[in-house]
Amino acid sequence: MSSVPMSEDNPFQSLIVEANHDPAIIQSRYENHRTTRNSQQSALILADSFPGWSLDQILKRLDGPEKEDGFVDPRNCLVIWARPSPQVRDLISFIQNELKPIFPSLWLMPPENLHITVLEAAHSLTEEQIEDLVQTLLSSKDVTPADIAAYPRSHATRLIKPMVSFDSAALALSFVPAAGECLGAEPSSNNEQYTYHHLRQDVFDMVRQAKVPVASRYIFPSAHLTIARFISHDGFTFKGSDGTETVDHLRVKLLIDKIGEINQRLENEYWPKKGAIREGGEWTVGQEGLIIRRGRVWYGDGEKLPVL
């Protein structure tokens, strides 16, 4: 279990306590969160009153047909990420390739930028404010960046059951923490009592021990990698008789139906079956270490902090 002293206000701790550290209960909370959210978002998006996608106003100025040369994202962050395994990247590529020919206006996350956010320490700050936090972290004697980066190597956590999650702004590939599925002949004591949610809890406290305040927005039971965003209504509207652009609800439904088709295929082919999981259907987070990233990181970019 965790070797990191817990702070009383750790936002990840309550779920673990409520679940009595039971990985099956933690998994169910993650599963319930994503299925409920998909259901709610589907109802909103398919409603006659749906006004159209929530376009990423900054991304559309950085990339795509409305790109503005010289525009700089003003938002700066300090985050801790894990990059997906090659097998998970291949799975995401398959999903993106299923979507791109039908919905070419979707902005697809480049494979080298794909990431899962284990912890968001700070967001939407100035460069100077982020620099202050970085210097605090780099000067810490209690917990170093190297300690944080290496932590998953001694605290392995698996994610399983990939599914496409969505809202009116973006699409993501989501997972749930494993609960002992397909561990094979491993010792019964190694039944994955330590989950991805425990990892998030511990990383939160490690950053706090380094005297860096944490202002994370992502405390929900979710493990996801953003794979696409909306930067245009192209292909999802038509001109009405008065010349105004109107939401094409049939095209919107086509996307939601396509996501449902992909999710059924993921469940059939990539979820645990008969004691085995297909490559890409599971992911041990941070096998190569976590990445501490600063700067304009919203789309998988930014600058990597040294961890030596």
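The accessible surface of the chain comes to about 14800 Å², and carbon and sulfur atoms account for 50% of that area; accessible areas come from the Shrake-Rupley method with a 1.4 Å probe, and for residues only the protein chains shown count as cover. This is a predicted model, in which local features need pLDDT of at least 70 and side-chain atom pairs count only at pLDDT 80 or more, while totals for chains, interfaces and linings use all residues. Residues are numbered from 1 along each chain as its sequence is written, and side-chain values use heavy atoms, with hydrogens and water left out.

**Confidence**

- The chain has a mean pLDDT of 93, and 94% of its residues reach 70 or more; pLDDT is the predictor's confidence in each residue, from 0 to 100.
- Over residues 185–189, however, the pLDDT is below 50, and this stretch has zero contacts in the model beyond near neighbours in sequence. Contact means heavy atoms within 4.5 Å.

**Overall architecture**

- The chain holds eight helices and 11 strands; helices (H or I, at least four residues) and strands (E, at least two) are DSSP runs, numbered from the N terminus.
- With a radius of gyration of 20 Å, close to the 19 Å that the globule rule gives for 308 residues, the chain is as compact as a globular protein of that length. The radius is taken over C-alpha atoms, and the rule is 2.2 Å times the number of residues to the power 0.38.
- Taken along the principal axes, the box filled by the C-alpha atoms is roughly 65 × 55 × 30 Å.
- Of the 308 residues in the chain, 50% are buried. Buried means under 20% relative accessible area, exposed over 50%, and partly exposed in between (1.4 Å probe, protein chains only).
- Among contacts between residues at least 6 apart in sequence, 79% join residues at least 24 apart.

- Helix α7 covers residues 196–209; its 14 residues should span 20 Å at 1.5 Å a residue, and its end C-alpha atoms are 20 Å apart, which agrees. The expected span is 1.5 Å times one less than the number of residues in the helix.
- Because 12 of its 14 residues are buried, α7 is largely enclosed by the rest of the structure. The buried residues include Y196, R200, D202, V203 and V207.
- Just after α7, K211 adopts a positive phi of about 70°.

**I80 in strand β1**

- I80 belongs to strand β1 (residues 76–82) and is buried, with a relative accessible area of 4%.
- Leaving aside neighbours within four places in sequence, the contacts of I80 include V203 and V207, as well as I116, V118, I148 and I291.
- Although I80 and V203 lie 123 residues apart along the chain, their C-alpha atoms are separated by 8.5 Å.

**Positive phi outside glycine**

- N20, which is not a glycine, has a positive phi of about 55°. N20 sits in the loop between α1 (13–18) and α2 (23–46) and is exposed, with a relative accessible area of 63%.
- S124, likewise not a glycine, has a positive phi of about 55°. S124 is part of strand β3 (residues 116–125) and is partly exposed, with a relative accessible area of 41%.

**Cysteines**

- A search of the whole structure finds zero disulfides, a disulfide being a pair of cysteine sulfur atoms within 2.5 Å.
- C77 counts as buried at 2% relative accessibility, whereas C182 counts as partly exposed at 29%.
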